[in-house]
Structures are given as C-alpha cells and as structure tokens.
Amino acid sequence: MSYIKAENVLPQELIDAIQQYVDGKMIYIPCKEKQEWGSLSSAKVFFRERNEKIYEAYKGGMGSRELARSFSLSEKSIQRILRNQRLALEEDVESA
C-alpha cells in the first residue's frame with residue numbers, strides 16, 4: 001500500500017475537518033468498490049485447488065503428518081484445511 005500526502009490531493013478545508021478527529025496520524029480510507037481477495041491474481045484458485053488435493057489425499061488414506069510434509073505445511077494448517085473442506089462439502093449438500 002502506498003501513501004500520498006493529504007495536502008497533495010485534498011482541499012485544505014477537508015484536511016482541517018479531518019484534523020479535528022485525527023491529527024498527525026495515518027488513516028486508511030477504503031476503496032468504494034472493494035475487490036474480493038485473490039480476484040486480481042490466481043492465488044485464490046491456487047489455494048482452492050491445493051486444498052481440494054489435500055482433502056482428496058486425506059480421503060485416500062494419507063495422514064495429517066504425511067500431508068504436512070508433502071505440502072510443506074504445519075499439521076495444524078492441514079487440520080484447518082481438512083475441517084474447512086469438510087464444512088464446505090456439508091454446506092453444498094445441505095443447499096442442494
């Protein structure tokens with residue numbers, strides 16, 4: 001995230017009004033149209049596919065320790081992924 005000086009983009013009246021609430025501090029102003037995480041890269045697809053592979057390997061008999069080594073993740077991460085995959089599948093079944 002890059003920062004810009006308020007005095008370069010905002011009128012002095014607005015800066016004065018903001019300073020009544022936040023003086024000398026950095027603030028974050030969110031975008032009007034927030035984009036979903038991973039929408040600009042292939043990261044979201046990569047992690048979804050990786051997590052599906054982990055779940056399939058688990059159903060095929062691999063243990064969490066072996067999965068952790070195979071996917072270079074902690075056992076705790078593998079357990080979280082397995083739980084989330086299981087919950088997602090249950091939601092899909094319930095909504096069908």
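Predicted model: local features only at pLDDT ≥ 70, side-chain atom pairs only at ≥ 80, totals over all residues.
Residues are numbered from 1 along each chain as its sequence is written, and side-chain values use heavy atoms, with hydrogens and water left out.

Trainee: How do the axes of helix 4 and helix 5 lie to each other: roughly parallel or roughly perpendicular?

Mentor: Helices are DSSP runs (H or I, at least four residues), numbered from the N terminus. The axes, lines fitted to C-alpha atoms over the stretch in contact, are 8 Å apart, and the packing angle is about 105°. Angles of 65 to 115 degrees count as roughly perpendicular, so helix 4 and helix 5 are roughly perpendicular.

Trainee: Which residues of helix 5 meet helix 4?

Mentor: Contact means heavy atoms within 4.5 Å. On the side of helix 4, the residues are S64, R65, L67 and A68. Their partners in helix 5 are E75, I78 and Q79.

Trainee: Which residues does L82 touch, not counting residues up to four places away in sequence?

Mentor: L82 belongs to the largest nonpolar core, which has eight residues. Such a core joins buried residues (under 20% relative accessible area, 1.4 Å probe) through side-chain atoms within 4.5 Å. With that sequence exclusion, L82 touches I54, Y55 and Y58.

Trainee: Is the aromatic pair of F46 and F47 stacked or edge-to-face?

Mentor: Rings pair if their centres lie within 6.5 Å; planes under 30 degrees apart count as stacked, over 60 as edge-to-face and the rest as tilted. The F46 and F47 rings are 5.1 Å centre to centre, with 75° between the planes. The pair is therefore edge-to-face.

Conventions
Buried < 20%, exposed > 50% of the residue type's maximum accessible area, 1.4 Å probe, protein only. Axes fitted to C-alpha atoms, helices over the stretch in contact; angles between N-to-C directions. Helix = DSSP H or I, 4+ residues; strand = E, 2+ residues; numbered from the N terminus. Parallel < 35°, antiparallel > 145°, perpendicular 65-115°, else oblique. Phe/Tyr/Trp six-rings, centres within 6.5 Å; stacked < 30°, edge-to-face > 60°.
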